[in-house]
Amino acid sequence: MTGSDMFVRGKKNEKESQRKVEKKLSRDIIEQKRFIKFLLNQKLLILIVLLVAAMAIKDTNFFSLSGVYEIFDHIAIIGIMAVGMTVLLISGSFDLSIGSVLSLTTVIVMLFQERGILISIIMGVVSGIAVGILNGLIVVKGKINPFIATLGSMLIAKGFALGISRSQTIVGSRAEFIFLAHGKVLGIPNPFILLVIFLLIGWYILRFTKLGRNSYAIGGNEHSAILAGIQVNRSKFVFFVFCSLTASISGLILASKTNTGNAILGDNVVLIVIGGVVLGGTSLFGGRGHIMGTIQGVLVLGLIERAMVVFHISSWYQYMLRGIVILAVIVLDTVIERRRREML
Amino acid sequence: MKKLLLIGLVLLVVAGFAFAGGQGTGDGSGEEKFRVGVAAPYMDPPYDAAFWRMWDKLVKEKPYSDWEIIITDAQGDLNNQINQIEDLARKEIDVLLVKPLSAAGVVPTLNKVWEASGKTLPIITVNLGTDPAQIPAVIAHTGPNYYLQGLAAGEGYVKYLDAHNLDKVNYCILLGRAGSDATNLRKQGFLDKVEEMGASDRFVLLDEQPADWYTDLGQQVAENWITSFGDKMDMIYAENDDMGIGAVNALKGAGYEKGEVLVNGVDAGFAGTSLVKEGWMTFVVLQSPMLDAEGALHLADKLRNGEKIEEFFNYIPSPIITAENADEWLPKIKETWGL
């Protein structure tokens, strides 16, 4: 055996074992997906049915078709952002700036409204994408931890929004714009329709595109993903832009619902969005998650809010209840992740 | 397969409820209790905490104790508040009290629920009005007038300058939460009054920063100003008591004597009013949480009795408390803040 023969043999073995790793990786991913889907679909669906039934019995005003439409109308803003966050979280990244992007979009849309509704919408979305690009560049090129990077962009975007709005609430001047959020198609509120569209987009990306598969691979084990030849940097960049895009669309909806733009509108959304996404089965550590789970998680949070009004729960307890739910979610997620690591 | 069956079952159940419950027969609780829905923006800032303390006290007495009162807390999130307004309106309530998180931001939703109720749901704004001010969906407003408070503060300072023969002051403004309407109106009122009294050139603005209504932030900002401006700064216009108290703490910490730098408060809580008595604060403008809460409940009661509310604007008075009348106000202050 010559040295070069051994070298070639070694290379062949390397390729084989690489293929084996890829196969195991995709098998693992599929197994995990099925397992998680099965596990969580049960729990959340049951919880949803229970909440819905309880509310319907308590006050039948809440159980009409318009009532059902209304709950989806209410969760649309959080839900659309949750789609973007799901894709990003699965890939193992994180985005704290979505609240600021939401606020910034509302401000920009309102500032540009005099020039025309279409222009204002385009500028609003462009500003959101710009922040997404910034996030992508800082994390991918700058190799900075997403938590820190998006914390920075969150402050920058908010500061910018405060600056251009001079800390004032900007009121809209075009009555037609309000129809974006308050209008209906065939009786279905527009935000609900937008929510469904984005859910489908997210579902399609994760299930049928290479980009989606990349997300699971990168989140599952970034190093293996690099070895497997996945374009990690490009994919991550796209996920950040997509996440900010969803935040921007939600900003459009909120601006239309309130006919105002303000730099502080998005201050509280990050926690709720992440709470809903993690409740739905997406791990904070990356590698697993599913759009179907996300919508259920967001729906559960929305139903809890509604239930507090229906059941007339005192405002003092509302705080505790929300905190308990979010805490329970994160604990559960950590426990499941630990078990998963042990299984490997 | 199993999963599809499960989803199908869920959809069937939900559809069942949806079509069965459509008649809006409501709660079925039987009794005709007067139901009041209250959409609160947040409850933790000191003024709001006092407001709700007074509210709790007041509703223990008749006739309010016979009512069914449902309060929602938006936790400072406008999206939450508009969702909660819709949720409350969906219940069979007799009146909706709204303390808007954003004067303009709640308008589309209030219009929507009013229309959906067939223009029959009485909506009253509390503490903060809507923008534009008098919309058809709202039948009355009750609360303090932030702009008037700003005017009172402006007048208070101009009068003080005149009384003490002070020609010019360099001043800073401690602003409330950025973007809040109270913040903007108290500042605008101050500036407008100063201009109206012909004193615009006597007030030289050095800086303005938000301290979000909180004492510790007010103190931090004031400390920074003391460092940057030193003796150049003569006055701090604080948009509320707590920030004013923070400024006073900063001055005390830096070794200033009382009266060297003019500070005021708006709210007139016990601490603030005491500082006026001691001489650390020039004046405070009263915003009584008790009168505020009482105003709202009183209007709701009128509706319950079938009375008409004549005036749209039902402002609670915002008198100014200076060193001269601080003593007589202090006992009333305790009562009005529920202390």
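Chain B is assigned domain 1 (33-143 + 290-308) and domain 2 (146-286 + 320-336), with bounds taken from an automatic or database domain assignment. This is a predicted model, in which local features need pLDDT of at least 70, side-chain atom pairs count only at pLDDT 80 or more, and totals for chains, interfaces and linings use all residues. Residues are numbered from 1 along each chain as its sequence is written, while chains are lettered from A and ligands numbered from 1 in the order in which they are written.

**Domains of chain B**
- The C-alpha centres of domain 1 and domain 2 of chain B lie 31 Å apart.
- Their contact (C-beta atoms, placed from the backbone, within 7 Å) takes 7 residues from domain 1 and 5 residues from domain 2 of chain B.

**Sheet of chain B**
- Strand β10 (residues 283-286) of chain B runs antiparallel to β12(B), and 3 bridges join them.
- B:V284 has B:I321 in β12(B) as its bridge partner.

**Contact between the chains**
- Chain A gives 41 residues to the contact and chain B gives 42 residues.
- On the side of chain A that touches chain B, the largest share, 6 residues, comes from α2(A), a helix (DSSP H or I run of at least four residues, numbered from the N terminus).

Terms used:
Contact = placed C-beta atoms within 7 Å. Helix = DSSP H or I, 4+ residues; strand = E, 2+ residues; numbered from the N terminus. Pairing = 2+ DSSP bridges.
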